[in-house]
2 protein chains.
Amino acid sequence: MWALSTYEGGTAYHHGDLRRSLIAAAQELLRSGGAEAVTLREAARLAGVSHNAPYRHFASRDALLAALAAEGFRALRRTLDEAGNRAEGPERLAALGRAYLRFADADRATFRLMFGGVVEKAAHPDLAEASGAAFGALRNVVAERDTSGGAEREALRAWALVHGLAHLVADRQIDAARAEACLS
Amino acid sequence: MWALSTYEGGTAYHHGDLRRSLIAAAQELLRSGGAEAVTLREAARLAGVSHNAPYRHFASRDALLAALAAEGFRALRRTLDEAGNRAEGPERLAALGRAYLRFADADRATFRLMFGGVVEKAAHPDLAEASGAAFGALRNVVAERDTSGGAEREALRAWALVHGLAHLVADRQIDAARAEACLS
DNA sequence: GGGGCATGTGGGCATTGTCAACATACGAGG
DNA sequence: CCTCGTATGTTGACAATGCCCACATGCCCC
């Protein structure tokens, strides 16, 4: 067969790790055409399987999107953790902010899927957990900076500021450099 | 015919103001089921016309979504203008912020359509204009507060803070009251 | 080595976006 | 008043998609 896809693998009939291949294919669709372009049948085509094979791994298209979003939250968490480990003291929060912004800028489609409300977190426990973990990482560092009485409010403000900047970047309302300059 | 829809009107064949009816129907679909639920055929059904009638008013499903988003930006601008007129001096910015948050909270689906990247502003001039006007209203008031050298940066910060809070509210990460408490 | 079960296949159905051809009515100009 | 052009709406069709069903295949455990 000409043009064997990179997402194929394993034997002819049993794929080997179709779930991962489908996610990889779907990520490519997501990044190149947005959430609308993520199609079970197209992902199956890219993975070199029949149009119904994905249903052995994802209950529905929504479940596939949820998996993509969860993957995004896990990646975001890794990014935040790394940034947090490389900085110390008062620099730490700004480092997290920069990491957050760079994540949004580097993978706008995934960021929008994560926060666009297309997938309902309540319906996908895996997603909810990944999302909670990522937010936890951010909240911890935010709260550690300010231990006074108004910590709660300040933490929320910092979070909202970064989140808003990230959305503006993802929507191309401002560019990433200008957004980074806004972090105190 | 039983169950005449509120979106119908005019004579039997020629509807009268189908464009407006379609937008109203689509808004209902948007609010009750999100952007995914906005369907040309369902909107046509609600308006009591054939499945192809909408094409006389919208070139594509995307054009209909763009019209909904533009309508949203116009409503946001009206809301911001009213809020700005009712307040004076330093209170003015906070009033705009509250209006912004309430808009996002009251019509989460429309807010997400406006900022979710589902419709490409570049492809719909009407949308781009409405969006620009709404942002202009916000930016003017933001910039008026701080006329020092760092006005640009402070304006962007204020905008991002409100925008981030609005997204968090729309995604139900925090509730509207907590968000409003964050506005200085 | 045989059977159970996870995994993949093929066909089918309803829904949708979009195109093309046709039908109808409103309004301007005679 | 009539007629004809054009805006508006209708019917029919096609491909793509999500999802369901019955069936095929092959890996693993007994």
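The contact between the chains takes 29 residues from chain B and 29 residues from chain A, contact meaning heavy atoms within 4.5 Å.

User: Before we go on, what kind of model is this, and how are things numbered?

Analyst: This is a predicted model, where local features need pLDDT of at least 70 and side-chain atom pairs count only at pLDDT 80 or more, while totals for chains, interfaces and linings use all residues. Residues are numbered from 1 along each chain as its sequence is written, chains are lettered from A and ligands numbered from 1 in the order in which they are written, and side-chain values use heavy atoms, with hydrogens and water left out.

User: What rotation superposes chain B on chain A?

Analyst: A rotation of 180° with 0.0 Å of shift along its axis does so, with an RMSD of 0.0 Å.

User: Which C-alpha of chain B is nearest the axis?

Analyst: That of Gly164(B), 1.7 Å from the axis.

User: Why do the copies meet through the same surface?

Analyst: Because 100% of the interface residues of chain B are also interface residues in chain A.

User: How much area is buried between chain B and chain A?

Analyst: About 2700 Å², with carbon and sulfur atoms giving 56% of that. Buried area is the accessible area (1.4 Å probe) that two parts lose on being put together, summed over both.

User: How many salt bridges are there across the interface of chain B and chain A?

Analyst: The rule finds 2, a salt bridge being a side-chain nitrogen of Lys or Arg within 4 Å of a carboxyl oxygen of Asp or Glu. One salt bridge joins the side chains of Glu36(B) and Arg61(A), at 3.6 Å from N to O.

User: Switching topic: which domains does chain A have?

Analyst: The domain assignment gives domain 1 (1–58) and domain 2 (66–180); such bounds come from an automatic or database assignment.

User: How many residues of each are in contact?

Analyst: In chain A, 8 residues of domain 1 are in contact with 7 residues of domain 2. The area buried between these domains is about 660 Å², 75% of it from carbon and sulfur atoms. In domain 1 of chain A, Ile23(A), Leu30(A) and Arg31(A) lose the most area to domain 2, together 59% of what that side buries.

User: What does Arg31(A) form with Asp107(A)?

Analyst: A salt bridge, with the closest N and O atoms 3.0 Å apart.

Definitions and conventions:
Least-squares fit on C-alpha atoms with pLDDT ≥ 70 in both.
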